[in-house]
Amino acid sequence: MRIVIAGGHGQIALRLERLLAARGNEVAGIIRNAEQGDDLREAGAEPVLLDLESASVEEVAAHLQGADAAVFAAGAGPGSGAARKDTVDKGAAVLFADAAVRAGVRRHVVVSSMGADAKHQGDDVFDVYQRAKGEADDHVRGLDALDWTILRPGALTNDAGTGLVRLEAHTGRGPVTRDDVAAVVAELLETPATAGLTLELVGGSTPVSVAVKAVAGN
């Protein structure tokens, strides 16, 4: 498959690029800083220089042409203010999904956040983030031209992946390694029967491939 990843230099994205490239896929990662290109090449991905905060739908769609799947793994990051939660976590996610529709790329996986909810209350930056992610997820789920899967991981850690997870519509809160999130996304991309599902993910006791197969088609 050819897979295009938004937020190509993110911590989950770099792990995902390595996994997908090792499986023989052609991977491209969208970045806005040319200096990050070498890190993507080292991971086995082709860097695509594009700023999702200023690009048009047509510009993004041009880079999605011919892809078999798209993954949204971009984020404004923990140090950013409320304004960028709206322009990246919501705006870029909406743009990327609309561009996938324009380019005819049906398979679409979004790395969201546990607790994402368009109706989330509060004015702290994290509250704005949860609302932005929820609004973006709602937009994606409203696009009939996409075979979407929304993945909502719990608290992310940099511990070594265990390959053991809990993946369900509702898991309750808990930690999960970035390694394991990347492994689940890679498995979701190879399991089209997970389209139409919004899934929560935390560490658990079920092997990744078994956990994905268990929710497929539900």
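Start by selecting Ala69 and Arg107: Ala69 stands opposite Arg107 in strand E5. This is a predicted model, so local features need pLDDT of at least 70 and side-chain atom pairs count only at pLDDT 80 or more, while totals for chains, interfaces and linings use all residues. Residues are numbered from 1 along each chain as its sequence is written, and side-chain values use heavy atoms, leaving out hydrogens and water.

**The sheet**

Select E4 and E5 whole. They pair in the parallel sense over four bridges. Two strands count as paired if DSSP finds at least two bridges between them. Strands (E, at least two residues) and helices (H or I, at least four) are DSSP runs, numbered from the N terminus.

Now show the whole sheet. It is open, has nine strands and mixed pairing, and runs in the order E3-E2-E1-E4-E5-E6-E10-E8-E11. Colour the edge strands, E3 (46-49) and E11 (206-207); each pairs on one side only.

**Strand E6**

Next, select residues 147-153, strand E6. Six of its seven residues are buried, so E6 is largely enclosed by the rest of the structure. Buried means under 20% relative accessible area, exposed over 50%, and partly exposed in between (1.4 Å probe, protein chains only).

Look to either partner. E5 (residues 107-111) pairs with E6 in the parallel sense over five bridges. Pick Val110; its bridge partner in E6 is Ile150. Then follow the chain from E5 through helix H5 (residues 125-141) to E6: this β-α-β crossover is right-handed. The term means that, with the strands pointing away from the viewer, the path from the first strand over the helix to the second runs clockwise.

E10 (residues 197-203) also pairs with E6 in the parallel sense, over five bridges. Here, Arg152 has Glu200 in E10 as its bridge partner.

**Helices on the sheet**

Select H1 (residues 11-22). It lies across E1, E2 (26-31), E4 and E5, and runs at about 175° to E1. H5 packs on the sheet too, touching E4, E5, E6 and E10, and its direction makes about 160° with that of E6. Axes are lines fitted to C-alpha atoms, for helices over the stretch in contact, and angles run from 0 to 180 degrees between N-to-C directions.

Stay on H5 and pick Arg131, which sits in this helix. Is Arg131 buried or partly exposed? Arg131 is partly exposed, at 21% relative accessible area. Beyond residues up to four places away in sequence, Arg131 touches Asp117, Ala118, His120, Gln121 and Gly122. Contact means heavy atoms within 4.5 Å.

**Helix H3**

Move to residues 57-64, helix H3. Its buried residues are Val60, Ala61 and Leu64. Down the helix axis they fall within an arc of 100°, so they line one face of H3. The arc is that of the directions from the helix axis to the C-beta atoms. Their cover includes E1 (2-6), E4 (69-72) and helix H4 (82-103). Just after H3, Gly66 takes a positive phi of about 85°.

**The cores**

Finish inside. The largest nonpolar core has 36 residues, and those with the most contacts inside it are Ile5, Val71, Leu151, Leu167, Val184 and Val185. Such a core is a set of buried Ala, Val, Leu, Ile, Met, Phe, Trp, Tyr and Cys residues joined through side-chain atoms within 4.5 Å. Helix H6 (residues 178-189) gives this core its largest share, eight residues. A second, separate core of 33 residues includes Ala6, Leu52, Val88 and Val105.
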